[in-house]
Amino acid sequence: MTTRPTLLGSPIYDQLVDEHGDVLGEARTLAEVTRREAERLLTWDLSAAGADHPE
């Protein structure tokens, strides 16, 4: 294993990231994507959804 500077202030955490990937970072990214998708789907702005306005 090569020595590199500690990225997040914890050598143990950095080692786990090296071994298993950045699971917490991936979870944060997925949570943000999910939040944006939910916001888009739950919007009440019918014009943003492409709905026709009644005349």
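At a relative accessibility of 52%, Glu39 counts as exposed (exposed is over 50% relative accessible area, buried under 20%, and partly exposed in between, with a 1.4 Å probe and protein chains only). The model is predicted, so to speak on its own terms: local features need pLDDT of at least 70, side-chain atom pairs count only at pLDDT 80 or more, and totals for chains, interfaces and linings use all residues. Residues are numbered from 1 along each chain as its sequence is written, and side-chain values use heavy atoms, leaving out hydrogens and water.

The protein has three helices and zero strands, where helices are DSSP runs of H or I with at least four residues and strands are runs of E with at least two, numbered from the N terminus. Of its 55 residues, 4% count as buried.

Four salt bridges turn up in the whole structure, each a side-chain nitrogen of Lys or Arg within 4 Å of a carboxyl oxygen of Asp or Glu. Glu39 pairs with Arg35 at 2.8 Å, N to O; the two sit four residues apart in helix 2, about one turn. Arg35, partly exposed at 42%, also bridges to Glu32, with the closest N and O atoms 2.6 Å apart. Glu32 is partly exposed too, at 27%, and lies three residues from Arg35 in helix 2 (residues 23-41). Together with Arg36, Glu32, Arg35 and Glu39 are linked in a network of salt bridges.

Glu37 and Arg40 form a salt bridge as well, at 2.8 Å, N to O. Glu37 is partly exposed at 36%, whereas Arg40 is exposed at 51%. Because they are three residues apart in helix 2, about one helical turn separates Glu37 and Arg40.
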